Amino acid sequence: MGLPGALPVLNSKVIEFAVKLGLALNCKLSLNSKFDRKQYFYPDLPKGYQISQFDIPIATGGYVDLDLPLEFGGGHRKFGITRVHIEEDAGKLLHSGNGDYSQVDLNRAGVPLLEIVSEPDMRTGIEAAEYAAELQRVVRYLGISNGNMQEGSLRCDVNVSIRPVGQSEFGTKVEIKNLNSFSSINRAIDFEISRQALLHSQGQSDQIVQETRLWEEGAQKTVTMRKKEGLSDYRYFPEPDLPEVILTPEYVDSISNSLPELPEAKRRRYEKMGLSMQDVLFLANDMNVAEYFDATLSSGADIKLAANWIMGDIAAYMKNEKLSINDIKLTPQELAELIASIKSGTISGKIGKEILSELLAKGGTVKGLIEEKDLIQIADPVEIGKMIDKVISENPKQLEQYRGGKTKLQGFFAGQVMKLSKGKANPGLLNKILLEKLNGQS
Amino acid sequence: MLSTIQPPRYLSRFPLRGRTKSRSFHILSSAQPVTKTCFAADQSQILSIRDSLLNRHLSAVELTHSYLDRLKQTEPHINCFLHVSDPDKVLKQAQDIDDKIKRNEEVGPLAGVLVAIKDNICTADMPSTGGSYILEGYRPPFDATAVKRLKDLGAIVVGKTNLDEFGMGSTTEASAFKVTANPWDLSRVPGGSSGGSAASVSARQCVVSLGSDTGGSVRQPASFCGVVGLKPTYGRVSRFGLMAYASSLDVIGCFGSSVADTGILLHAISGHDSLDATSSKREVPDFTSQFTYASSLKSRPLEGLRVGLIRETVDAGVDSGVKSAIEGAAAHLEQLGCVLKEVSLLSFSLGLPAYYILASSESSSNLSRYDGVRYGNQASSDELNALYEESRAKGFGSEVKMRILMGTYALSAGYYDAYYKRAQQCQEILFLSDHSLLRRLWS
């Protein structure tokens with residue numbers, strides 16, 4: 001609220017989070033950093049200044065590695081991080097529909113934030129969007145934010161400039177605000193690039209001025225918000241109400257040792273396991289999914305099969321029921337058991353899929369369900385033979401038709417045998433023996 | 001607090017009084033004398049009050065009545081207070097103390113002690129204006145930590161005292177609301193910026209009071225009003241609840257009619273506060289246990305103590321009255337056994353300009369929050385910038401405006417290195433020179 005006599009106090013959690021983030025982004029940490037006041041008047045800034053870090057941010061000079069999704073061409077990218085600094089949030093302005101008044105919500109004013117500034121390394125909208133997605137992944141992996149753009153837990157402004165091929169100097173940069181999703185980041189940047197390129201091609205490149213533009217989601221374009229006449233003078237000076245932040249090497253080491261395996265490391269590890277890029281990107285995207293996958297593997301499951309089950313049936317179930325992988329009742333150990341049971345032939349693949357849905361919804365053990373429902377695959381040729389004989393004998397007309405040339409009826413017979421066996425017959429064996437019998441070979 | 005605009009109009013020759021033991025208030029001869037019971041001048045009023053209350057020689061209500069009566073009689077002449085507590089509430093607090101004593105319950109060490117608070121220190125149950133129109137009628141939702149600590153120890157807050165607006169000034173004339181007179185001579189100023197706090201103790205309207213000191217605002221009015229004023233080391237007392245002027249220099253300080261009272265008050269409010277990140281974590285020693293009354297001291301109690309007299313403070317250019325006051329104090333110290341040595345602090349002249357840059361810069365920032373939007377006086381306007389401009393133009397006095405302008409300029413782009421940073425470096429130089437001087441004196 002910026003009340004008279006009120007003083008700021010540093011929230012130690014933000015230091016912990018800043019160090020985690022700085023390390024995860026491969027930055028150099030400033031063991032001695034300080035706060036500064038950034039001064040300007042605005043209704044959402046109760047003190048008339050924002051506590052931030054100006055010249056000595058807590059982390060500098062890092063990078064992120066990421067892989068572009070295959071549908072966008074794939075490929076590895078490395079983008080530089082200029083700095084990570086701590087600052088306090090301002091309030092939130094809510095403008096009335098007709099513009100008669102605005103309301104100021106000060107609930108979040110003073111809450112600490114981490115601001116991440118990238119090097120101008122991206123060249124397309126998708127690169128920037130993927131960069132943002134990777135940051136979201138990292139902060140979720142670190143447990144320092146839920147990274148939800150819709151909630152404002154992750155916010156993004158971009159600066160875009162273009163220059164003629166061969167020119168080393170950057171062109172005039174334009175800031176774009178009001179980007180609320182990764183796809184808006186992507187589209188806004190691509191729009192702005194083409195807007196600036198068009199002006200260039202028309203010989204009107206001087207119309208590209210340093211300004212702030214708003215992305216209009218509805219119209220899918222950027223519009224002028226306010227023109228910047230030169231740089232604002234924020235009259236920075238060191239914040240006298242907060243002491244310096246001093247990080248000891250022991251503190252940094254303890255945080256470093258507590259970091260989880262980060263997305264990039266995970267992707268490289270999955271790649272080494274032989275998984276395809278598509279699988280890698282899916283599995284490493286959500287830390288919980290990756291953990292689940294790793295747990296399934298450590299229970300002995302085959303890598304590719306585990307990946308397939310998770311990416312296929314399980315993912316579909318989660319999507320349908322709108323659940324996260326932490327909510328499903330199937331444990332990684334049981335998934336491994338399921339995979340092993342199918343691989344060993346104990347149950348058929350079809351049965352496997354059936355009990356999967358029950359396991360997902362209600363839990364339980366694979367072994368338990370197999371026993372309870374008597375699902376063990378029938379793989380004894382004699383037994384299958386007997387069932388086939390029974391079906392054939394009960395359907396003489398179809399047998400005649402088959403022998404008369406309607407070979408498609410094999411499916412009918414197979415279906416009937418399956419039904420008789422309550423789905424437990426080994427399909428491969430069934431069809432082999434069935435074919436023999438239908439053709440009168442046994 | 002040193003002022004640039006207003007030369008001290010009334011201070012052509014201020015007589016040196018030294019350490020007065022008599023208590024002659026000739027100017028206010030029509031006022032009632034304070035209850036005679038127990039106050040020997042060189043003892044502690046606070047301890048005497050405690051003694052009298054616990055021994056049932058005096059009730060808190062009687063004591064409070066005598067102070068309130070005195071306040072009522074003297075106030076129209078000296079105008080120390082911007083807000084006086086409701087007498088009924090005050091008497092009720094006193095009554096509660098008496099009841100507890102009757103029931104043999106414990107009461108705090110400051111029980112029954114009437115205290116006045118400078119109006120730039122937040123009190124939740126009374127307006128806190130900082131001496132400014134922009135905060136006219138403002139009621140804080142919290143007590144300053146120093147105030148809370150006093151109340152927890154049983155003190156009774158009798159009112160909020162007048163000051164130069166936001167602590168900027170050295171005569172208390174820069175208050176938006178009224179002018180306070182010096183109780184010793186109503187035609188003279190009480191000093192500033194804590195003029196009201198100093199004068200109210202001087203006029204015995206209260207036992208002790210709190211003020212604030214950024215560039216002398218407790219020390220100077222104490223001298224003008226003939227009371228003891230103590231500026232603690234920065235960080236010793238929490239600044240939470242003190243309306244910030246210069247964050248790296250502000251402290252809350254104490255006024256009393258004796259050294260002991262001032263010390264007891266300081267002890268009560270000292271110590272680390274988690275709400276103030278600049279408050280010191282160093283332990284607060286009980287210095288009150290080391291007080292020795294003057295009457296029981298041997299003849300040269302400060303024997304062997306080495307004191308440096310900074311030549312630059314008595315050089316050419318210093319008013320002769322000030323010079324003789326300093327030299328008189330030096331002579332007194334020598335009488336008490338000190339060894340006085342003249343020393344030179346070459347960087348002395350850096351102090352004032354560095355102070356002005358630092359204080360104006362920080363205050364220009366600290367006063368940005370007074371925009372009329374969330375609290376205080378709001379000018380009516382249809383447009384945001386006009387709202388800011390009108391509220392601040394109407395709400396702030398000229399001294400405040402000048403400092404905001406100076407500070408904004410000093411911090412503006414391109415000037416930070418030349419002014420603020422330089423000033424901080426001067427501060428460091430002064431600190432180091434002072435320190436090395438002291439080390440040389442000790443060795």
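**A:Ser341.** I started with A:Ser341 in this predicted model and found that A:Ser341 is buried, with a relative accessible area of 6% (buried means under 20%, exposed over 50%, partly exposed in between, with a 1.4 Å probe and protein chains only). I then placed A:Ser341 in helix 9 of chain A, residues 332-344 (helices are DSSP runs of H or I of at least four residues, strands are runs of E of at least two, numbered from the N terminus). Leaving aside neighbours within four places in sequence, I saw that A:Ser341 is in contact with A:Thr346, A:Ile347, A:Val366 and A:Ile370 (contact means heavy atoms within 4.5 Å).

**The annotated stretch.** I looked up UniProt, where an unreviewed entry lists residues 291-438 of chain A as "domain: Asn/Gln amidotransferase"; such annotations may be inferred rather than shown by experiment. I noted 72% helix and 0% strand over residues 291-438, with the end C-alpha atoms 49 Å apart.

**Chain B.** I turned to chain B next and noted twelve helices and eight strands. I read that 50% of the 443 residues of chain B count as buried. I also noted that the C-alpha trace of chain B spans about 65 × 60 × 45 Å along its principal axes. Among contacts in chain B with a separation of 6 or more, I found that 74% join residues 24 or more positions apart.

**How I read the model.** I number residues from 1 along each chain as its sequence is written, and I letter chains from A and number ligands from 1 in the order in which they are written. I keep in mind that local features need pLDDT of at least 70, side-chain atom pairs count only at pLDDT 80 or more, and totals for chains, interfaces and linings use all residues, while side-chain values use heavy atoms, leaving out hydrogens and water.
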